[in-house]
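Please open the model in a viewer and follow the selections below in order.

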Amino acid sequence: MAVLQPAVARRRRSWRGWQFVGPFMLIFALVFLAPIVYSIYLSLYRNQLIGGNSFVGLDNYTRLFQDSQFWESFGRVAIFLVVQVPIMLILALVVALAIDSGRLYGKAFFRVSIFLPYAVPAVVATLMWGFIYGDQFGLVGNINDAFNISLPNPLSPHLALASIGNIVTWEFIGYNMLIFYSALRVIPGSLYESAALDGAGQFRIIRSIKLPAIRGALSIATIFSIIGSFQLFTEPVILQPLAPNAITTYFTPNLYAYQLSFSGQQYNYAATVAIIMGIITMVIAYVVQLRGNRES
Amino acid sequence: MTTSVETRSAKPLTVRESARNKKRRKGSVTLTVLTALMAVYSLVPLGWLLINSTKTQGGLFTSFGLWFDRDGKFALWQNIHDTFTYNDGIFLRWFGNTLLYVVVGAGGATLLAALAGYGLAKFNFVGKRAVFAIVLGAVAVPGTALAVPTFLMFSKLGLTNTPWAVIIPSLITPFGLYLMWTFAAQAIPDEMLEAARMDGAGEFRTFFRISVPLLAPGIVTVALFSIVATWNNYFLPLIMLKDPDWYPLTVGLNAWNAQSTTAGGEAVYNLVITGSLLTILPLLAAFLLLQRYWQSGLSAGSVKE
């Protein structure tokens, strides 16, 4: 990342910087590094009623690779990633470009109102959309009654994932829009002037100046969205009582790990799920970042 | 000192310049209408929440979702009253817990990120490369993947079911560190720090007296985003806390909602809806009131490449 080399005063190296960085790194070690090391340890053991805690090598990993429930949940978040993330990011980008174009009436209103859902907790957003989706006093039920039609149930097994996608998109369009918009705002005005002198149209300016200039923001937003998709948990877990047939206990890898630990007491296997998901996320985030850098 | 004034005024000038250029272009109705569609999508669920918080439990079922209950009464005040008094006023307790987690957790996270971001941007120290590598690598590890091992560790330390179990993990925000770091690199001229050192000021005195005021927009931005993250946190308190007395609002609200599906539980949808509204109002207010700060903080954070 080119962003990570801010100018540092060419001073003699010393330990003084640690006064400032130390406290962060101490807590960081406690809540990031220690759990990682601990879960690697856990994943190599098995705890049984008879026999107690025993070292089993890579047995948990072999089991995971043959676990169809895990792979089904992984496939689901992969589909979610491939469909929801591009839709959300493209919509966010379009809105950011529209607001930045200076051709909107009431641009401050749009910037704030589209951003607002970000301040809504995922729990509240899901409860709200869950009510809206519901046929009891939800909008979907209202529309069915009013027009005497029957819309497909958003919480039926084949629509549940799309309905969750809609909730996540609603929550995060504004946030991503703001990241893009902030990056667009600092493009020097002189670039536009010379483009205008060359007679470049709006779309040409977007393609040749704006998009390349915010490549860093685009790649950061993509990486955050990928991490977010693989972590999908709150939305499905809260919708579960409304859609028990559609949302299984292994709907997403995170839900599966949660289920394994807190209903099944299978902490060792849950740690294995967490490690594999962490590795997959890191690899994909790394590949996206490499691609982002190569293109620039 | 002269250099610092120059570097600080350079950016606003270009921004203003481009703003002037943009003003000359005329507005487009089509573009406005299309963006308005997105605004409608963003605002309708919030409108739904506001409208339905005025209905009684019965009114929710008999009236149209996007309009007020014309046959029933306007129950907003009653709902707010009931939300705060239901179950011996547990909602207020949850509200207080959330505030505690936010003040200590997000406040601490902002302080740690500001200190560390400043340290990384302005000092050259032994092991700095290692710090870069470790923090960057760890950012990609999904936070929720860490939650289960963290829970097991904390339960061995006897921290689960106490506020510390929620607060300690909230103290770390890698995104905040990244933002403070890029911000500090640009906002604080090295010459100023050198001058302060020549005058014999200690490192921390220099930091609080000279650097913090310059870092203010960045600090507000990181604070707001940490507040949102802590206020909205669900997974961590869900697994760490068993005692409803320590629940934050998010976990409590979902517990109320789940009552309706448990046998013998009382359905209190009107309270879930009103409680949701009360949960989001402080955050919406904070974002609207502090707009100017966080928007400039974010822009500055993205000056790069």
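How far apart do the end C-alpha atoms of residues 267-288 of chain A lie? Select that span: the distance is 31 Å, and the span is 100% helix and 0% strand. Helices here are DSSP runs of H or I of at least four residues, strands are runs of E of at least two, and both are numbered from the N terminus.

The model is predicted: local features need pLDDT of at least 70, side-chain atom pairs count only at pLDDT 80 or more, and totals for chains, interfaces and linings use all residues. Residues are numbered from 1 along each chain as its sequence is written, while chains are lettered from A and ligands numbered from 1 in the order in which they are written.

Next, select residues 77-99 of chain A, where the chain is 100% helix and 0% strand and the end C-alpha atoms are 31 Å apart. An unreviewed UniProt entry places a "transmembrane region" at 20-41, 77-99, 108-132, 159-184, 213-233 and 267-288 of chain A; positions follow the numbering used here, feature names are shortened, and annotations may be inferred rather than shown by experiment.

Now display the whole of chain A. Its secondary structure comprises 13 helices and two strands, and its C-alpha atoms fill a box of roughly 80 × 75 × 30 Å along the principal axes.

The contact (C-beta atoms, placed from the backbone, within 7 Å) takes 92 residues from chain A and 92 residues from chain B. On the chain A side, select helix 1 (residues 18-43), which gives the most, with 18 residues.

Conventions. Contact = placed C-beta atoms within 7 Å.
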